[in-house]
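The sequence and structure come first, and the notes follow by topic.

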Amino acid sequence: LFDINDDEVVDLWSLVKQGKDMVEQKYQPDGYNIGINVGESAGQSIFHSPSISASNPVGEVFPTSPLS
């Protein structure tokens with residue numbers, strides 16, 4: 001994430017917003033979690049510019065890992 005240029009940061013957040021809008025239309029969640037793990041000690045296992053979005057109904061807690 002820290003290796004991409006400013007235009008790529010804008011594009012990344014534009015994609016996050018587009019994904020949020022698509023989820024909003026279909027599921028109307030109560031909230032969202034957006035996670036970015038940078039570095040192996042932070043949980044990153046695939047070294048690319050990651051962004052994971054998940055919609056959450058009220059009372060549902062996002063798992064500690066999106067893969068769990």
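Lys20 and Glu24 are separated by about one helical turn, because they lie 4 residues apart in helix α1. Their side chains meet in a salt bridge, with an N to O distance of 3.8 Å. A salt bridge here is a side-chain nitrogen of Lys or Arg within 4 Å of a carboxyl oxygen of Asp or Glu. This is a predicted model: local features need pLDDT of at least 70, side-chain atom pairs count only at pLDDT 80 or more, and totals for chains, interfaces and linings use all residues. Residues are numbered from 1 along each chain as its sequence is written, and side-chain values use heavy atoms, with hydrogens and water left out.

**Salt bridges**

- The count of salt bridges comes to 2.
- Lys20 is partly exposed, at 33% relative accessibility, and Glu24 is partly exposed at 29%. Buried means under 20% relative accessible area, exposed over 50%, and partly exposed in between (1.4 Å probe, protein chains only).
- Asp21 and Lys17 also meet through their side chains in a salt bridge, at 2.9 Å from N to O.
- Asp21 and Lys17 are 4 residues apart in helix α1, so about one helical turn separates them.
- Asp21 has a relative accessible area of 30% and therefore counts as partly exposed.

**Negative patch**

- Asp6, Asp7, Glu8 and Asp11 form a negative surface patch.
- Patches are made of residues with over 30% relative accessible area and no salt bridge; like charges are joined within 9 Å, and nonpolar side chains (Val, Leu, Ile, Met, Phe, Trp, Tyr) within 5 Å.
- Asp and Glu count as negative and Lys and Arg as positive, while His and the chain ends are not counted. The place of a charge is taken as NZ of Lys, CZ of Arg, CG of Asp or CD of Glu.
- Asp11 lies in helix α1, which covers residues 6-27. Its relative accessibility is 47%, so Asp11 is partly exposed.

**Fold and surface**

- The protein chain has 1 helix and 2 strands, and from the N terminus its elements run α-β-β. Helices (H or I, at least four residues) and strands (E, at least two) are DSSP runs, numbered from the N terminus.
- The protein chain has 68 residues, of which 13% count as buried.
- Its accessible surface is about 5,400 Å², and 56% of this belongs to carbon and sulfur atoms. Accessible areas come from the Shrake-Rupley method with a 1.4 Å probe; for residues, only the protein chains shown count as cover.
- Among contacts in the protein chain with a separation of 6 or more, 35% join residues 24 or more positions apart. Contact means heavy atoms within 4.5 Å.

**Loop residues**

- Phe47 sits in the loop between β1 (31-35) and β2 (52-56). With a relative accessible area of 58%, Phe47 is exposed.
- Apart from neighbours within four places in sequence, Phe47 is in contact with Gly39 and Glu40.
- The C-alpha atoms of Phe47 and Asn37 are separated by 9.6 Å, the two residues being 10 residues apart along the chain.
- Gln28 lies in the loop between α1 and β1. Gln28 is not a glycine, yet it has a positive phi of about 45°.
- Most residues other than glycine have a negative phi.
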